[in-house]
Amino acid sequence: MFAPYIEYARKAFAREATYRIELIAEIGSLVLRVYLLRSLWTALYAHNAAPTGLPLHSMITYTTVALLMSLVLEVDGTRIIREKLREGGIAVDLMKPIVVPFAYFSDGIGQTLVHALAILPSLLFALLLVRIDVPSLPVLAIFFCSFALGYGVNFFVNFLMNGVAFWTLETFGLQLIVRWISDLLSGQILPLSFFPGWFGRAVFALPFAAIYSTPLLLYVGIIQPAQWAAALAVQAAWLAVTAGASYLLWRAASQRVVVQGG
Amino acid sequence: MPLIVTRDLRKVFRSAKRSPGALGALRGLFSPVYEDRVAVAGLSMEIERGEFIGYIGPNGAGKSTTIKMLTGILVPSGGEIEVAGIVPHRKRRENARNIGVVFGQRTQLYWDLPLVDSFELLRAIYGIPQDRYRRSLDAFVELLEMGDFLRTPVRQLSLGQRMRGDFAAAMLHEPPILYLDEPTIGLDVVAKEAIRTFVARVNREQGTTIVLTTHDLADVERLCRRIVLIDHGRAIFDGPIERIKNEYGRERTLVVRFTETTSAPAIPGARLESLEGLTARFVFDRATQRVDRLVREVSDRYSVEDIAIEEPELEGIIRHIYTQGYAGEERSA
């Protein structure tokens with residue numbers, strides 16, 4: 001029953017793995033960014049007092065881990081939807097005895113796994129350049145749980161954006177905007193606690209915070225063990241909301257394909 | 001009981017009509033005006049097991065809309081449809097197990113991966129047992145001569161090789177029904193012939209029911225016993241190729257080559273169609289005119305070097321119907 005979907009993931013893995021140069025470039029660029037961000041934060045901290053609760057070594061840990069996470073999270077496993085729509089491949093997929101969104105999800109998993117392979121070498125290179133904090137085992141465990149939930153939220157946010165292609169065919173502009181907003185508001189570039197006043201509080205109420213911010217704040221210890229359950233619950237709630245919205249979008253979209261002929 | 005049945009099948013596409021200009025676009029936002037386009041307007045046909053149907057018609061006649069409804073990815077606006085006892089759009093996935101589809105303009109193969117990888121994925125999709133998979137893959141490799149490029153990434157294949165791969169991909173699960181949409185488009189004569197030989201053999205030996213959509217009437221003439229001609233969403237002809245040829249094929253052309261320049265040549269009972277240089281073409285009705293008399297007349301009157309009689313080809317007949325309309329009983333507005 002799952003055999004077709006496992007095979008979809010394996011084929012996506014094999015397909016992505018054919019782009020070896022791209023993977024090597026990805027690792028190279030990541031190491032460079034780790035180094036540049038370390039220099040940037042070191043310079044900034046030298047001239048300003050440390051923001052509340054985040055000493056320099058935590059800040060460097062935060063940005064480095066964020067960059068490593070981005071190797072996996074920046075893979076848009078759902079762009080296949082957009083491509084299939086534009087090239088009409090979705091019709092061919094619908095002529096197969098499969099549940100099409102499951103097939104695309106599996107394809108996304110396969111793509112992600114390829115890029116996850118780049119994490120280990122990147123980590124080794126990064127450690128040669130910077131020193132990052134390694135938290136205790138329970139913290140690491142909760143970090144990975146949170147990371148998995150964030151992966152889910154990220155997948156469905158991407159799914160929703162690519163799903164817009166069912167109506168507009170082209171989503172590039174929209175995606176660029178959402179990507180910028182998401183990078184900033186997810187805490188990938190800098191901790192969300194840096195934002196002042198009401199804005200600082202509002203960003204925690206958006207789904208983007210569930211992608212990078214929660215796992216990272218768990219990692220650097222800003223979210224204390226007493227708040228762990230609540231933090232993961234919020235992420236799980238966002239996962240449920242984005243997954244539910246994706247389901248509704250797919251239902252409306254497939255109805256549209258089926259009735260309107262794509 | 002026929003394998004494929006459609007009864008008064010209809011498909012109407014509704015789209016929002018856009019008025020020109022910014023103001024029009026704004027108006028469309030608040031009170032959209034819809035425009036209906038009838039793609040299939042009451043199509044009834046029955047296809048028996050093992051038939052090889054040529055489903056032809058001009059661009060926009062409703063051919064691919066019909067195929068999409070037969071595959072279950074498009075819901076009809078009205079009428080009935082049944083393929084192997086299944087209503088396709090109600091049970092899309094069940095229907096998918098019975099069909100294989102080949103699009104000449106689109107591939108289902110993984111572009112970046114070796115050809116055989118796409119076959120492995122299909123094996124998993126259809127749950128084909130390993131030994132049966134091996135057996136049928138071996139058969140296809142031999143029949144379609146794919147041995148040399150089975151492990152080549154699809155993007156490096158020639159169009160002819162890719163099409164052969166697509167045929168194998170569509171038939172790996174041995175479906176009883178095959179839909180072919182322009183399968184020979186863009187192929188050279190050798191590749192075309194290889195594909196034709198292959199599908200003819202599949203139809204003959206495995207009894208696969210095949211619906212072929214194409215603009216290449218040589219494909220149809222070579223492969224199909226029956227044609228369904230569709231225009232403006234309705235079947236305007238449905239029957240054996242011989243019948244359409246007989247109904248339209250009453251006209252013959254007498255091609256005469258004179259030995260010297262002849263101005264305005266004429267033969268009683270035949271119409272001069274064209275005169276180019278020394279060659280004149282006369283059209284006559286073979287039911288009312290006798291060929292031997294025409295030949296005698298022309299050679300009595302003029303100095304003739306060569307005479308030939310041309311029979312109409314399917315292509316000419318179909319061109320005539322596209323432009324003039326079908327004169328048969330089913331012609332309607």
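# Exercises on a predicted model

Trp198(A) is exposed, because 8 other C-beta atoms lie within 10 Å of its own. (Exposed means 12 or fewer such atoms, buried 20 or more, and partly exposed anything in between, with C-beta atoms placed from the backbone.) The model is predicted, so local features need pLDDT of at least 70 and side-chain atom pairs pLDDT 80 or more, while totals for chains, interfaces and linings use all residues. Residues are numbered from 1 along each chain as its sequence is written, with chains lettered from A and ligands numbered from 1 in the order of writing.

## Exercise 1

Step 1. (Helices, H or I with at least four residues, and strands, E with at least two, are DSSP runs numbered from the N terminus.)

## Exercise 2

Is Glu74(A) exposed, partly exposed or buried, and where in chain A is it found?

Step 1. Glu74(A) sits in the loop that joins helix H3 (56–73) to helix H4 (79–87) of chain A.

Step 2. Glu74(A) has 14 C-beta neighbours inside 10 Å and therefore counts as partly exposed.

Step 3. Val99(A) is 25 residues from Glu74(A) in sequence, and their C-alpha atoms are 25 Å apart.

## Exercise 3

Describe how H1(A) packs with H6(A).

Step 1. The axes of helix H1 (residues 3–17) and helix H6 (residues 100–116), both of chain A, come within 7 Å and cross at roughly 40°. (Axes are lines fitted to C-alpha atoms, for helices over the stretch in contact, and angles run from 0 to 180 degrees between N-to-C directions.)

Step 2. H1(A) is therefore oblique to H6(A). (Under 35 degrees counts as roughly parallel, over 145 as roughly antiparallel, 65 to 115 as roughly perpendicular, and the rest as oblique.)

Step 3. H1(A) and H6(A) make a right-handed crossing. (Right-handed means that the near helix is turned clockwise from the far one by less than a right angle, left-handed anticlockwise.)

Step 4. On the H1(A) side the contact includes Tyr5(A), Tyr8(A) and Phe13(A), and on the H6(A) side it includes Phe102(A), Ile109(A) and Leu113(A). (Contact requires C-beta atoms, placed from the backbone, within 7 Å.)

Step 5. By type, the residues of this contact between H1(A) and H6(A) are eleven nonpolar, three polar and four charged. (Ala, Val, Leu, Ile, Met, Phe, Trp, Tyr, Cys and Pro count as nonpolar, Asp, Glu, Lys and Arg as charged, and the others, Gly among them, as polar.)

## Exercise 4

Step 1. Leu115(B), Ser118(B), Phe119(B) and Leu122(B) of H4(B) meet Gly165(B), Ala168(B) and Ala169(B) of H6(B).

Step 2. Five residues of this contact between H4(B) and H6(B) are nonpolar, two are polar and none is charged.

## Exercise 5

Which helix gives the most to the side of chain B that touches chain A?

Step 1. The contact joins 25 residues of chain B to 20 residues of chain A.

Step 2. On the chain B side, helix H2 (63–71), helix H3 (92–98) and helix H4 (115–126) each supply at least two residues.

Step 3. H4(B) gives the most, six residues.

Step 4. The chain B side that touches chain A has twelve nonpolar, five polar and eight charged residues.

## Exercise 6

Which residues touch the most other members of the largest nonpolar core?

Step 1. This core has 89 residues, and Ile53(B), Leu212(B) and Leu229(B) touch the most other members. (A nonpolar core is a set of buried Ala, Val, Leu, Ile, Met, Phe, Trp, Tyr and Cys residues joined through C-beta atoms within 7 Å.)

Step 2. Helix H6 of chain B, residues 159–171, contributes the largest share of this core, six residues.

Step 3. Apart from residues up to four places away in sequence, Leu229(B) touches Ile56(B), Gly57(B), Ala235(B), Ile236(B), Phe237(B) and Ile321(B).

Step 4. A second, separate core has 44 residues, among them Val75(A), Phe143(A), Met161(A) and Leu218(A).

## Exercise 7

Where do Asp8(B) and Glu145(B) lie, and what are the phi values of Asp8(B) and Glu145(B)?

Step 1. Asp8(B) is part of strand E1 of chain B, residues 4–17, and has phi near 50°, a positive value in a residue other than glycine.

Step 2. Glu145(B) is in the loop between helix H5 (130–143) and H6 of chain B, and its phi is also positive, near 50°.

Step 3. Asp8(B) is partly exposed, with 14 other C-beta atoms within 10 Å, and Glu145(B) is partly exposed, with 13.

Conventions:
Contact = placed C-beta atoms within 7 Å.
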